[in-house]
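Work through the following exercises with the model open beside you, and try each task before you read its solution.

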Amino acid sequence: MTLSQFQHYRRIVLAVLIMLISAGLLFVGSKGSEARHDNIEAVGLGLIVIGILGRLWCTLYIGNRKSAVLVDVGPYSITRNPLYLFSSVAAGGVGAQTGSIILSLLFFVGSVVAFQLVIRREERFLSSAFGAPYESYLQRVPRFWPSIRGWRDEPVLTISTGRLYTTFQDGLVFFAAKPAFEFVEYLQRSDVLPVFLRLP
């Protein structure tokens, strides 16, 4: 299976998992005061913004070159998978739109775990594609959690504006969590949807 085929199947599996999780969240609410709930949502929106800006930062460096060129500067000099890291931060922000810290953490951790499986598959492909330079990169730069000690940058970047716009549009999907969870909360308060579990 090629990397592009793997990525295609990964997106399908991810979409199915998101639908199943979303169905379960219809019957889960947050525990605590309205002010606490609102504060958690506000922090979550901040995490979504950080996630989107981080993904844009990564795209400035990698553009359309993923799997074609070994990029080891900018965010890719401090973690080998900054796109996945920032996506996980945004996922935590999505979970926070429920008003629950526990769900925010579960969204973040679940995203991190799911990306670890993808990362290992991609590493096998990149190792065969780039050989010794990639093996050296594996030794220098951590897989996921960043380390700023290895920071390196380029004075000039060639930017793929099309890819940048696509990344921005993709990132806006994270904001859809806000009205979606607000609508679920409305249905729960109206007793249209029963709440079987409340989480802090």
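**Exercise 1.** Decide whether arginine 140 is buried, partly exposed or exposed, and then find which residue forms a salt bridge with arginine 140.

*Solution.* Begin with the cut-offs: buried means under 20% relative accessible area, exposed means over 50%, and partly exposed lies in between, with a 1.4 Å probe and protein chains only. Arginine 140 has a relative accessible area of 43%, so this residue is partly exposed. This is a predicted model, in which local features need pLDDT of at least 70 and side-chain atom pairs count only at pLDDT 80 or more, while totals for chains, interfaces and linings use all residues. Residues are numbered from 1 along each chain as its sequence is written, and side-chain values use heavy atoms, with hydrogens and water left out.

Next, recall that a salt bridge is a side-chain nitrogen of Lys or Arg within 4 Å of a carboxyl oxygen of Asp or Glu. The partner of arginine 140 is aspartate 72, and their closest N and O atoms are 3.0 Å apart. Arginine 140 lies in helix α5 and aspartate 72 in the loop between α2 (34-62) and α3 (82-96), so the pair ties together parts that are 68 residues apart in sequence. Helices here are DSSP runs (H or I, at least four residues), and strands are such runs too (E, at least two), numbered from the N terminus.

**Exercise 2.** Describe the salt bridge between glutamate 123 and arginine 80, and state whether these two residues are buried or exposed.

*Solution.* The side chains of glutamate 123 and arginine 80 meet with an N to O distance of 2.6 Å. Glutamate 123 belongs to helix α4 and arginine 80 to the loop between α2 and α3, which places the partners 43 residues apart in distant parts of the chain. Both glutamate 123 and arginine 80 are buried.

**Exercise 3.** How far apart are the closest N and O atoms of arginine 189 and glutamate 185, and is each residue buried or exposed?

*Solution.* The closest N and O atoms in this salt bridge are 4.0 Å apart. Because arginine 189 and glutamate 185 are four residues apart in helix α7 (residues 177-189), about one helical turn separates them. Arginine 189 is exposed, with a relative accessible area of 58%, whereas glutamate 185 is buried, with a relative accessible area of 10%.

**Exercise 4.** How many salt bridges does the structure hold, and which residues are linked in a network?

*Solution.* There are seven salt bridges in the structure. The network of salt bridges links Glu41, Lys178 and Glu182.
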